[in-house]
Amino acid sequence: MQQPLDLYYWPTPNGWKISIALEEMALPYSTHLINIGKGDQFSPDFLKIAPNNRMPAIVDPNGPDGQPISVFESGAILLYLARKTGQFLGTTERDQVAVEEWLMWQMGGLGPMAGQTHHFLKYAPEDIAYAKARYRDETARLYGVLDRRLAENEYLAGDFYSIADISAWGWASLWEGQEQTLEDKPHMARWLKALWERPALRRGRTLHTDLRADRSDTWVQADLFGT
């Protein structure tokens, strides 16, 4: 029997990527909470695992050649787990290119921009109208990209669910707190709802959700998810 992986986690969109993936892949894991509000990510022990002082991170005791391995950065973790299990990465080289494209789109675009939108709308000590508009507008543009992609494909990489969807869903599910709308994005709305209906995604998304500092970002929007 495989030893459980160690998941270093806090309930944020980046943390959800990995808790959802572990649930979807049916991999056993133990959760180690990294309270980013208290600065746990800067502890010397965590630094050994995650040199960038950011969660999530994992330690896989069943790594390459049977030796333990630590992996940091959510995109790298998703790729590692997909290769390890042979799941959610597609079956052809073209599939894998599409998955990697949309995973990088999330890592380099949607995640950082939506994160900055949250920061300047909710947490910045000063009310900076320019920053709010800049990041809110760029997030809107990215959701337009997402909606157009999903108008032609069931999932981000094509007709199969992948780690690209897992990476993007958590950020996209918080569209309301980013002052966005779904009225003109029916395909994004369809995709959000379809993924929420996956039991494994729900389990990963709700892992320690009671610890979230901002409970206004409700993870179920009554008008969309109907729960």
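A residue counts as partly exposed when its relative accessible area lies between the buried limit, under 20%, and the exposed limit, over 50%. Keep that in mind while you look through these close-ups of a predicted model.

**Figure 1. Thr 31 in strand β2.** Let us start with Thr 31, a residue of strand β2. Its relative accessibility is 28%, so Thr 31 counts as partly exposed. Which residue stands opposite Thr 31? That place belongs to Leu 7. Another leucine, Leu 5, is 26 residues away from Thr 31 along the chain, and the C-alpha atoms of Thr 31 and Leu 5 are 8.6 Å apart.

**Figure 2. Strands β1 and β2 side by side.** Strand β1 covers residues 5-9 and strand β2 covers residues 29-33. The two strands run parallel and are joined by 5 bridges. To get from β1 to β2, the chain passes through helix α1, residues 13-24. The handedness of this β-α-β crossover is right-handed.

Figure 3. Side chains of opposite charge can pair when their charged atoms come close. Here the side chains of Lys 84 and Asp 60 form a salt bridge, with 2.9 Å from N to O. Lys 84 belongs to helix α3 (residues 74-85) and Asp 60 to strand β3 (residues 57-60), so this pair ties together parts 24 residues apart in sequence. Are the two partners buried or exposed? Lys 84 is partly exposed at 28% relative accessibility, while Asp 60 is buried at 0%.

Figure 4. Glu 138 pairs with Arg 141, and their closest N and O atoms are 2.9 Å apart. Both residues sit in helix α5 (residues 129-152); because they are 3 residues apart, about one helical turn separates them. Glu 138 is partly exposed at 24% relative accessibility, and Arg 141 is partly exposed at 46%. In the other example, the side chains of Glu 197 and Lys 193 meet with 2.6 Å from N to O. Glu 197 has a relative accessible area of 47% and is partly exposed; Lys 193 is partly exposed too, at 34%.

**Figure 5. The largest pocket.** Rolling a probe the size of a water molecule over the atoms shows where empty space is left. The largest pocket holds about 970 Å³ of space. Its lining has 33 residues, and those nearest the centre are Thr 12, Pro 13, Asn 14, Ile 36 and Trp 171. Which helix gives the most to this lining? Helix α4 does, with 8 residues. Helices α1 and α4 (93-123) each supply at least two lining residues. Sorted by kind, the lining has 14 nonpolar, 13 polar and 6 charged residues.

Figure 6. Find Pro 56 in the loop between α2 (44-49) and β3. The peptide bond leading from Met 55 to Pro 56 is cis, with omega near 5°. Next, look for Glu 179 in the loop between α6 (163-172) and α7 (186-196). Phi of Glu 179 is positive, near 60°, and this residue is not a glycine. Glu 179 is partly exposed at 47% relative accessibility. Finally, His 208 lies in the loop between α8 (199-205) and α9 (222-225). Phi of His 208 is positive as well, near 55°, and His 208 is partly exposed at 31%.

Methods. Residues numbered from 1 in each chain as written. Predicted model: local features only at pLDDT ≥ 70, side-chain atom pairs only at ≥ 80, totals over all residues. Heavy atoms only, no water. Pairing = 2+ DSSP bridges. Helix = DSSP H or I, 4+ residues; strand = E, 2+ residues; numbered from the N terminus. Right-handed = clockwise from strand over helix to strand, strands pointing away. Salt bridge = Lys/Arg side-chain N within 4 Å of Asp/Glu carboxyl O. Buried < 20%, exposed > 50% of the residue type's maximum accessible area, 1.4 Å probe, protein only. 1 Å grid on protein atoms, 1.4 Å probe; cavity = no way out; pocket = protein on both sides within 12 Å on 5 of 7 lines; lining within 4 Å. Points joined across faces, edges and corners; volume = space filled by probe spheres on them. Nonpolar A, V, L, I, M, F, W, Y, C, P; charged D, E, K, R; others polar.
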